[in-house]
Amino acid sequence: MPGNKSNGYSAIPTSRVERLLRERELRKSSRASQSNEATDISRGTELSEHELRLREGDNFGASKVEQYLEGALAARALGEGWERPDGRPFRQRLLVVANRLPVSAVRRSEESWSLEMSAGGLVTALLGVKEFEARWIGWAGVNVPDEAGQRTLTKALAEKKCIPVFLDEDIVHQYYNGYCNNILWPLFHYIGLPQEDRLATTRSFQSQFAAYKKANQMFANVVHQHYEEGDVVWCHDYHLMFLPKCLKDRNSQMKVGWFLHTPFPSPEIHRTLPSRSELLHAVLAADLVGFHTYDYARHFVSACTRILGLEGTPEGVEDQGRLTRVAAFPIGIDSDRFIRALEVPQVQEHIRELKERFAGRKVMLGVDRLDMIKGIPQKILAFEKFLEENPIWRDKVVLVQIAVPTRTDVPEYQKLTSQVHEIVRRINGRFGTLSAVPIHHLVNLLLYLSLLNLQDVYTCLIRYFPARWIICKEEENNILTTDRSLDFHGLCALYAVTDIALVTSLRDGMNLVSYEFVACQDSKKGVLILSEFAGAAQSLGAGAILVNPWNITEVAASIGQALNMSAEEREKRHRHNFVHVTNHTAQEWAETFVSWGDWASHGIPNSWDEITPNMVFASQSTLYIEGNVEKDLDSDGQGIGDEGHS
């Protein structure tokens, strides 16, 4: 590292952390030698007033500084290129604990495994946290009952910096399929259980909850096996709400953060959960609790005050003198990856083909999991209403809907799939012509083939879509499919040619499709129609047209507004959102949470704002627009104990 060094650190303090490190070294020097003290004071003009006060015996906050430095030193040193006095680099570890590892494992033989890393958002986010050495802990998604298989898989995963938690089939069925997916997930997304299932769910609740706690303890056991002093443990999502308690019960000094990737429901919804109090207490064992939006954080604090009778503060929740900090950390995407992809020749070719295919027509795009919370039927019905009321647009606009199947073995999802196909078929039959249809509905090819029992897919090939895309004819309904969930380059090309992105989630933790669309639109500057029930509405609301997806009349009117919007207004709206998406990235999200978690666990006073990173909630200029009323949103994620916000 260039420049002079003193005691192993940079000689010129460029940040609050470095100044504090320097102060500590100066205090050590003063205790070691009176002559050194005199020498140091002789250059007192180089020291700040605060430094001089410390040298004169004013040890204001000294113990807290020492506490903070023990963690902050390791967290910051590597990123700044610092070294220990003995020359060894600092490497503080981050243990990321999630239900699933970011890897797919397939067993090839008794002692051979094939591994494929995921390119998911969390993986991308943590690549940007350079101060920490990340280790992943989670379930590999496969049942491995034999010791030989567990041993060889553990060895293979170690090369990917992953550590497996082995769950048997019964635990997975009760914990994951049962409590997580049938109870917590619907509750957190405001979906009531079907009437006929409620009694069965009530009967099986206790066994599923017991399996949930057992699985969380199994995760905790693996964490403890690999934990080293100074590690930061970051727990993720509703699958692991009990994990902070399991970890802290065994090691109260462990630094633990927990982040929820879904919405957290209002207290009136959460209080219907039989295990409501146990889950809240378990999460509060963490040092830092994070959510995507201010509303979710406020709901959590309100649940703790109303259900547990605890005190909510602007910083979080206090229980018998112990403070659990609660804050909003809106996640982002790797925007540079999408922007760079638009320059790839393959993507440019896709863009040319799509422009030729849809020449003379405006393109509307939806990209969703085929899931009940995504509002796909509502979106399509709103488009039908728009076509009804605006016949002039019938041959001038097309809706391309990508629907990625999920949980295809669950009856409710099978019913949803059939429902969407039926609506698309009816609308295409009503408004389609011999040369064009208004809706292209893209689904996963393997699922589609299983439904139609088609064998020779190549009889369905068409030439006007990018490679690997095919079109099948089901009565009057044209359904576009692909042999995998639409690949990254094909998706970027679609984003780039789209005039209107339509996100109609009925309830969504964030919805990063809206971010991806904005990142690919700096040339076309298309319009984003965004559900007010998606977490992204609190980040992109000022640049998007916000809608209530349950109101198809409102959504239909918004489609008309977007199609007729002036170039100047499109530019203004897009610029606002593009700046937010490119500045608030996934990497920035991860760095912010981890740095907050580090200082929060050391109890640094709030007045020490320079130590903590400036946590920005949404964007500083974001406005929630409702009718003609513009309401300023909280710009720093604070004040979550204030019930005045709605």
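1. The accessible surface of the protein chain comes to about 28400 Å², and carbon and sulfur atoms account for 48% of that area. The model is a predicted one, and in it buried residues make up 55% of the 646 residues of the protein chain.

2. As to secondary structure, the protein chain holds 23 helices and 23 strands. Of the contacts in the protein chain with a separation of 6 or more, 75% are between residues 24 or more positions apart.

3. Nine strands form an open sheet of mixed pairing, in which the order is β7-β6-β3-β8-β9-β10-β13-β12-β11. Its edges are strand β7 (162-164) and strand β11 (311-312), each of which pairs on one side only.

4. Within this sheet, strand β3 (residues 92-100) and strand β6 (residues 132-139) run parallel and are joined by seven bridges, with Q92 standing opposite F132 in β6. Helix α12 (residues 294-307) packs on the sheet, where it touches β10 (288-291), β11, β12 (316-319) and β13 (322-328), and the direction of α12 makes about 150° with that of β13.

5. A helix pair also deserves a look: helix α15 (residues 376-389) packs against helix α21 (residues 552-563) at an angle of about 65°, the two axes lying 8 Å apart, and the crossing of α15 and α21 is right-handed. On the α15 side the contact is made by Q378, L381, A382, F383, K385 and F386, while α21 contributes I552, T553, V555, A556, I559, G560 and L563. Sorted by class, the residues in this contact of α15 with α21 are nine nonpolar, three polar and one charged.

Technical notes:
Residues are numbered from 1 along each chain as its sequence is written. This is a predicted model: local features need pLDDT of at least 70, side-chain atom pairs count only at pLDDT 80 or more; totals for chains, interfaces and linings use all residues. Side-chain values use heavy atoms; hydrogens and water are left out. Axes are lines fitted to C-alpha atoms, for helices over the stretch in contact, and angles run from 0 to 180 degrees between N-to-C directions. Helices (H or I, at least four residues) and strands (E, at least two) are DSSP runs, numbered from the N terminus. A crossing is left-handed if the near helix is turned anticlockwise from the far one by less than a right angle, and right-handed if clockwise. Contact means heavy atoms within 4.5 Å. Ala, Val, Leu, Ile, Met, Phe, Trp, Tyr, Cys and Pro count as nonpolar, Asp, Glu, Lys and Arg as charged, and the others, Gly among them, as polar. Two strands pair if DSSP finds at least two bridges between them. Buried means under 20% relative accessible area, exposed over 50%, partly exposed in between (1.4 Å probe, protein chains only). Accessible areas come from the Shrake-Rupley method with a 1.4 Å probe; for residues, only the protein chains shown count as cover.
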